[in-house]
Amino acid sequence: LPMPTGGPGSAPQSQSKSKTNASRLVWTQELHALFLSAVNALGGHEKAHPSAILRLMDQPSMTKAHVKSHLQKYRMLKK
């Protein structure tokens, strides 16, 4: 039987790459302002959790992963 092109194991790698690239988000000034407003409403960057921030931001196109990454970067800046 002929092997599919790309060899064994090539499909999962390409699938995982497409998922990460497709979900890229550019944080505009408006989105960052919403983020800061949510963080402050939750008691600051040390107390705020990504799921609560996401709920307060109410942006349908955003995921918890987007907020989690941005919060991590924001906390590093605040140190």
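Biologist: At roughly what angle do the axes of helix 2 and helix 4 cross, and within what distance do they come?

Modeller: Please keep in mind throughout that this is a predicted model. Two packed helices are described by the angle between their axes and the distance between the axes. In this case the axes of helix 2 and helix 4 cross at roughly 75° and come within 12 Å, and because angles of 65 to 115 degrees count as roughly perpendicular, helix 2 is roughly perpendicular to helix 4.

Biologist: Which residues make that contact?

Modeller: Helix 2 contributes H32, F35 and L36, while helix 4 contributes V67, H70, L71 and Y74. Sorted by class, the contact of helix 2 with helix 4 has five nonpolar and two polar residues, with no charged ones.

Biologist: Where do these helices sit in the overall order of elements along the protein chain?

Modeller: The protein chain has four helices and zero strands, so that its elements, read from the N terminus, run α-α-α-α. Of its 79 residues, 23% count as buried, and the chain exposes about 6,200 Å², of which carbon and sulfur atoms supply 57%. Among contacts between residues at least 6 apart in sequence, 47% join residues at least 24 apart.

Biologist: At what angle do helix 2 and helix 3 pack, and how far apart are their axes?

Modeller: The angle between helix 2 and helix 3 is about 120°, and their axes are 9 Å apart; the two helices are therefore oblique to each other. Helix 2 passes helix 3 in a right-handed crossing. On the side of helix 2 the contact is made by L31, L34, F35, A38, V39 and A41, and on the side of helix 3 by I53, L56 and M57. By class, this contact of helix 2 with helix 3 has nine nonpolar residues, no polar and no charged ones.

Biologist: How should I then read helix 3 against helix 4, and at roughly what angle do their axes cross?

Modeller: The axes of helix 3, residues 50-57, and helix 4, residues 64-78, cross at roughly 115° and come within 9 Å, which means that helix 3 is roughly perpendicular to helix 4. The crossing of helix 3 and helix 4 is right-handed. Its contact is made by P50, S51, I53, L54 and M57 of helix 3 together with K64, V67, K68 and L71 of helix 4, and these residues divide into six nonpolar, one polar and two charged.

Biologist: Turning from helices to loops, where is W27 placed, and which residues is W27 in contact with, leaving aside its neighbours within four places in sequence?

Modeller: W27 lies in the loop between helix 1 (10-22) and helix 2 (29-41). With those sequence neighbours left aside, W27 is in contact with H32, F35, M57, M62, H66, V67 and H70. At 23% relative accessibility, W27 counts as partly exposed, because buried would require under 20%.

Biologist: What is the phi value of D58, and is D58 buried or exposed?

Modeller: Phi of D58 is near 55°, a positive value in a residue other than glycine. D58 is placed in the loop between helix 3 and helix 4, and with a relative accessible area of 61% D58 is exposed.

Conventions:
Residues are numbered from 1 along each chain as its sequence is written. This is a predicted model: local features need pLDDT of at least 70, side-chain atom pairs count only at pLDDT 80 or more; totals for chains, interfaces and linings use all residues. Side-chain values use heavy atoms; hydrogens and water are left out. Buried means under 20% relative accessible area, exposed over 50%, partly exposed in between (1.4 Å probe, protein chains only). Contact means heavy atoms within 4.5 Å. Accessible areas come from the Shrake-Rupley method with a 1.4 Å probe; for residues, only the protein chains shown count as cover. Axes are lines fitted to C-alpha atoms, for helices over the stretch in contact, and angles run from 0 to 180 degrees between N-to-C directions. Angles under 35 degrees count as roughly parallel, over 145 as roughly antiparallel, 65 to 115 as roughly perpendicular and the rest as oblique. A crossing is left-handed if the near helix is turned anticlockwise from the far one by less than a right angle, and right-handed if clockwise. Ala, Val, Leu, Ile, Met, Phe, Trp, Tyr, Cys and Pro count as nonpolar, Asp, Glu, Lys and Arg as charged, and the others, Gly among them, as polar.
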